[in-house]
Amino acid sequence: MTALEHDRYCDEIDKQVQQLRAVVTSGADLKATVPTCPDWSLERLVRHTGGALRWVDHIVRSRAQDEVSDNDVPHFEGPEEQGDPAALDAWLAETGASVVEAIRAAGPDTPVWTWAWDRSTAFWARRMAHEITIHRADATLAAGLPYEVAPEIAADAIDEWLQIVEFAQRTMPDDAASALRGPHRSIHLHATDAPDGVNAEWFIELTEEGLAWRRGHEKATVALRGPLTEVLLAFYRRLPPDDGRLEVLGDRELLDFWLERATFG
């Protein structure tokens, strides 16, 4: 599946950082529990997201060929001040500008360490765009604010997750995704509001040999239908499938089985 252009991911990281900063400075309670990550407060979520961006920034700038420890990343944990939205915002602004500059300057083909199938900066550009896109959803839910995402980013985030589950099945025998192997069953995702030029339907096959998927409209064991943003959030377990904006057709137990075991993100 073809991903988006490198510069498009860089632009999206920058946009998502700005939008996350807007949540931080909105007057939201930084101590509020994040409903989709109940062990975290809103502030802890923001620090986690910024720390991930700083970690990738360090990997790209140093052209690391081995995994980097959090302890080696300057200002990974964020500002010393706790509960201070201005300090958190300033740290996040600096973080976003730095990582976008590093990834954009490196281009997509620079060899660096990653944990996945693609050992290049292209992987990190895409991964960080989706990482912050989903965690911004967590933040807006905690703050009670509206959430939207560009259709092409939402669709590509679903593609990437499917690739990650596929990778986990191939390379991580103890991962929860291994339980998705079994008798042939299938899942269809159908975004009902995708604009022209965005193919936002997926057909996912679960077989004894492993996961296979493709974009397209095909009859499946179970289908999840609704607006693209809501389909994305449900697939990332940020929204329940029985949310009123979504519709489940067919074997609901299979969809739940998938969501319990495709646990990345």
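Visitor: Is arginine 225 buried, partly exposed or exposed?

Guide: Arginine 225 counts as partly exposed, at 27% relative accessibility. Keep in mind that this is a predicted model.

Visitor: Which side chain does arginine 225 meet in a salt bridge?

Guide: Glutamate 247. The N to O distance is 3.1 Å. The pair links distant parts of the chain, 22 residues apart. Arginine 225 is in strand β6, residues 222–226. Glutamate 247 is in strand β7, residues 247–250.

Visitor: And how accessible is glutamate 247?

Guide: Glutamate 247 has a relative accessible area of 36%, so it is partly exposed.

Visitor: What does glutamate 230 pair with?

Guide: Glutamate 230 forms a salt bridge with arginine 245. Their closest N and O atoms are 3.3 Å apart. Glutamate 230 lies in helix α6, residues 228–235, and arginine 245 in the loop between α6 and β7, so the pair ties together parts that are 15 residues apart in sequence.

Visitor: Why does glutamate 230 count as buried?

Guide: Because its relative accessibility is 12%, and buried means under 20%.

Visitor: How many salt bridges in total?

Guide: The count comes to 21. One of them is between arginine 61 and glutamate 101, at 2.8 Å, N to O. That pair also links distant parts of the chain. Arginine 61 sits in helix α2 and glutamate 101 in helix α3, 40 residues apart.

Visitor: How accessible are arginine 61 and glutamate 101?

Guide: Arginine 61 is partly exposed, at 44%. Glutamate 101 is partly exposed as well, at 49%.

Visitor: Let's move to the loop between α2 and α3. Where is phenylalanine 76, and is it buried or exposed?

Guide: Phenylalanine 76 is in that loop. It is buried, because its relative accessible area is 17%.

Visitor: How far is phenylalanine 76 from threonine 171?

Guide: Their C-alpha atoms are separated by 29 Å. Along the chain the two are 95 residues apart.

Visitor: What about histidine 75: buried or exposed?

Guide: Exposed, with a relative accessible area of 56%. Histidine 75 is in the loop between α2 and α3 too. Its backbone deserves a look: phi is positive, about 55°, although this is not a glycine.

Visitor: Where does arginine 237 sit, and what is its phi?

Guide: Arginine 237 is in the loop between α6 and β7. Its phi is near 65°, a positive value in a residue other than glycine. Arginine 237 counts as partly exposed, at 38% relative accessibility.

Visitor: On to surface charge. Which residues form the negative patch?

Guide: Glu67, Asp70, Asp72 and Glu77. Glutamate 67 is in the loop between α2 (42–62) and α3 (85–106). It is exposed, with a relative accessible area of 60%.

Visitor: Last topic, strands. How do β1 and β2 run, and how many bridges join them?

Guide: They run antiparallel, joined by 2 bridges. Strand β1 covers residues 33–34 and β2 covers residues 37–41. A hairpin joins the two through 2 residues.

Visitor: What is the bridge partner of threonine 33?

Guide: Serine 41, in β2.

Notes:
Residues numbered from 1 in each chain as written. Predicted model: local features only at pLDDT ≥ 70, side-chain atom pairs only at ≥ 80, totals over all residues. Heavy atoms only, no water. Patch = residues over 30% accessible without salt bridge, like charges linked within 9 Å, V, L, I, M, F, W, Y side chains within 5 Å. Areas by Shrake-Rupley, 256 points an atom, 1.4 Å probe, with all protein chains shown as cover. Salt bridge = Lys/Arg side-chain N within 4 Å of Asp/Glu carboxyl O. Lys, Arg positive; Asp, Glu negative; His and termini not counted. Charge placed at Lys NZ, Arg CZ, Asp CG, Glu CD. Helix = DSSP H or I, 4+ residues; strand = E, 2+ residues; numbered from the N terminus. Buried < 20%, exposed > 50% of the residue type's maximum accessible area, 1.4 Å probe, protein only. Pairing = 2+ DSSP bridges.
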